[in-house]
Amino acid sequence: MQSLRTLNIEELRCNAFAQDGQQFDMCRLEDFLQESAMGSHVHRHNYYMLMYVCRGQGQQLIDFAHHDVLPGRFFLMYPGQVHAWGSHDGLEGHLIFFTPAFFTERYNNNNLREFPFFNTSHFLPYIDLSAPQAASFGYLLEAMLKEYHAKEEDYLKTLRSFLNILLYQCKRFYFERAQASLPANDRTAVLIVRRFEQLIEEQFREKRLVRDYAQLLLLTPNYLNAICSRVVGKSAGELIRERVMLEAKRLLLHDGRTVAEIGASLNFDDNSYFGRFFKKYEGLSPEQFRKSIHQNHSG
């Protein structure tokens, strides 16, 4: 079976990347949608993408979940995610594309991993901004776009600084939203769950047991389960399994290897066990899932 394409950043905005060899691009959302012929094709990101919407509405698919595109909504996507553009009506806003290498020319690569929206999480892949926050973001994004088009001396250094400010603002708003729905005495628990999710992201191929992660966090398995249930409404074991399932679905979608090879890459020693595991939580066998996704998003 032919695998789905992983789009390179230069394929999206070839006028900027192919000619200039850069690792950062920025444009107005409405210009991108007019220039691009993406359609509804599912693709896998190998770059970071930030999207701010100030007008219009639409929908997009991110890691097999559909999300509404609405004014004041700021989307944050990272490499490895599965994405498809859906319907859109009168969308206006800004788009930023950048590679990890662009950010790490000034900042340590690990800094990108500290941002919660760039790790697999129970939380949504966007932030809904208040009116004052949206105004602040709009001003910052317009300043970035002006700097990008002017291309004066050291403009890339300036853009990295702008980008760093933008990401830290997003991190602040992201945690404010997560903590606002919890009692004050549960807010420390959010940080524990975030650290747990980071550990899952780093080690889900090797570690599948709650006790392994609890040991790394210096917690008991029961306490870790209780915290996860309070914060995200899911057990620690569910969060581990969801991450394994997400990776399995990503690979089945865009990777041309056989089901057995994909299962082995996820450290399932037995192909039949991988098949049973996948079907238990998805309701379809890996082969059925792969076929259905290709059929639903091939046009």
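**Cores and ring pairs in a predicted model**

Gln169 comes out as partly exposed, with a relative accessible area of 25%. This is a predicted model, and in it Gln169 is found in helix H7, which spans residues 155-180. Phe137 lies 32 residues away from Gln169 along the chain, and their C-alpha atoms are 9.0 Å apart.

On to the packing. The largest nonpolar core holds 39 residues, and Phe196, Tyr213, Leu224 and Leu266 have the most contacts inside it. Strand S7 (82-98) supplies at least two residues of this core, and so does each helix from H8 to H14. Helix H11 gives the most, with 9 residues. Leaving aside residues up to four places away in sequence, Leu224 touches Phe196, Val210, Tyr213, Ala214, Leu217, Leu219 and Ala236. There is also a second, separate core of 33 residues, with Leu140, Leu141, Leu163 and Phe173 among them.

As for the rings, the count comes to 26 aromatic pairs. One of them joins Tyr48 and Phe118 edge-to-face, at 4.7 Å centre to centre and 65 degrees between the planes. Tyr48 lies in strand S4 and Phe118 in the loop between helix H5 and strand S8, so this pair ties together parts that are 70 residues apart in sequence. Tyr48 is buried at 9% relative accessible area, and Phe118 is buried too, at 6%. Phe118 also pairs with Phe117: the ring centres are 4.9 Å apart and the planes sit at 85 degrees, so this one is edge-to-face. Phe117 is itself buried, at 3%. Ring pairs link these residues into a cluster that also includes Phe98, Phe103, Phe115, Tyr168 and Tyr174.

Conventions: Residues numbered from 1 in each chain as written. Predicted model: local features only at pLDDT ≥ 70, side-chain atom pairs only at ≥ 80, totals over all residues. Heavy atoms only, no water. Helix = DSSP H or I, 4+ residues; strand = E, 2+ residues; numbered from the N terminus. Buried < 20%, exposed > 50% of the residue type's maximum accessible area, 1.4 Å probe, protein only. Core = buried A, V, L, I, M, F, W, Y, C linked by side-chain atoms within 4.5 Å. Contact = heavy atoms within 4.5 Å. Phe/Tyr/Trp six-rings, centres within 6.5 Å; stacked < 30°, edge-to-face > 60°.
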